[in-house]
Amino acid sequence: MKRLISLNKKNIVLCLIFPLLLTSCGEKKDKTEFIAKVNDSYLTKKDFAAAFDTTKLESSFKAEYLRNWVDREVLYQEALKDNIENDDEFKRLLEESKKELAKSFLIKKLLNNANISANQKELEKYYQDNKTDFVLFFDAYLFNIIKFKNEDKAIQFRNSAVEIGWNKAEVAFSNDQDKLSQNDNLFLYTHQFQSADLSNVIQELNPGEISIAIATGAKEYSVVQLSAKYFANDIPPLAAIRGEVEKRIVDKKKHEFLQNHIKELYAKYKIEIKN
């Protein structure tokens, strides 16, 4: 991975804006738990953990991230010494960025409070009205998957699932400390699998069959159960693509909600547009 630093003035100014925004409104950090610092600017373990899943992060990426953080900080602090904060273009971009950030936070708050969802009747109607939109262009698979930190535990789960059934095995291992994650009814195209080994194994399974433990990453072992397989030009049933159908409905509702809210705001504020 190459480190790239643009010398374009506008790009540098944009890179400096967000550190300033965060610094101005951030809370005081615990300086004893830092993993990098430049003068009095600290990157804490908490900051880093909030940005990434550190249990799955490759050490090379972590090192690159830290170098980029230091690059940004030294440029930022040098910019302050060079009085960039008083540059007219910097002030303008800073104000625009504050407005964009505030707008994004407001939209997120509004949508969270609106709690927009889709009920079963809406899902069924949308699916029936738009069936042809869901024709598959590639082979796809509907499956359950569970991941563990070590191979022995993955094998234990697999044996249990074969003996008592997948759902009961999930319950039995629900609080297992070695479990990384579990997902039921995942729908993925062949090319969407991040692990070639997992892709190869699942293509060989029959519906209802449970795989062996598969190494799918560093200290990650997966077991899958195939529910169904679909082929290019098939239209999968609603149960298989429920998540995609729901997403489309919810996205449409969110758009309509925001547009209606903006119309209400137009009546609330004094607006004048000159041609």
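How many salt bridges does the count come to? By this rule, 12 salt bridges, where a salt bridge is a side-chain nitrogen of Lys or Arg within 4 Å of a carboxyl oxygen of Asp or Glu.

1. **What you're looking at.** This is a predicted model, in which local features need pLDDT of at least 70, side-chain atom pairs count only at pLDDT 80 or more, and totals for chains, interfaces and linings use all residues. Residues are numbered from 1 along each chain as its sequence is written, and side-chain values use heavy atoms, with hydrogens and water left out.

2. **Confidence.** The predictor scores its confidence in each residue from 0 to 100, and that score is pLDDT. The chain has a mean of 87, with 85% of its residues at 70 or more. Helix α5 (residues 120-129) does best, at a mean of 97, while helix α1 (residues 9-25) does worst, at 53. Helices here are DSSP runs (H or I, at least four residues), strands are too (E, at least two), and both are numbered from the N terminus.

3. Over residues 1-7, pLDDT stays under 50. The model has 12 contacts beyond four places in sequence for residues 1-7, a contact being heavy atoms within 4.5 Å. Where pLDDT is low, the predicted coordinates should not be read in detail.

4. **A pair inside α4.** Glu100 and Lys103 form a salt bridge, with their closest N and O atoms 3.3 Å apart. Both sit in helix α4 (residues 88-114), 3 residues apart, or about one turn of the helix. Glu100 is partly exposed at 46% relative accessible area, and Lys103 is partly exposed at 43%. For the cut-offs, buried is under 20%, exposed is over 50%, and partly exposed is in between (1.4 Å probe, protein chains only).

5. **A longer reach.** Lys153 pairs with Asp176 in a salt bridge, the closest N and O atoms being 3.0 Å apart. Lys153 is in helix α6 (residues 151-164) and Asp176 is in the loop between α7 (166-172) and β4 (179-189), so this pair ties together parts 23 residues apart in sequence. Lys153 counts as buried, at 13% relative accessibility.

6. Glu244 and Arg248 form a salt bridge, with closest N and O atoms 3.0 Å apart. They are 4 residues apart in helix α9 (residues 242-268), about one helical turn. Glu244 is partly exposed at 36%, and so is Arg248, at 27%.
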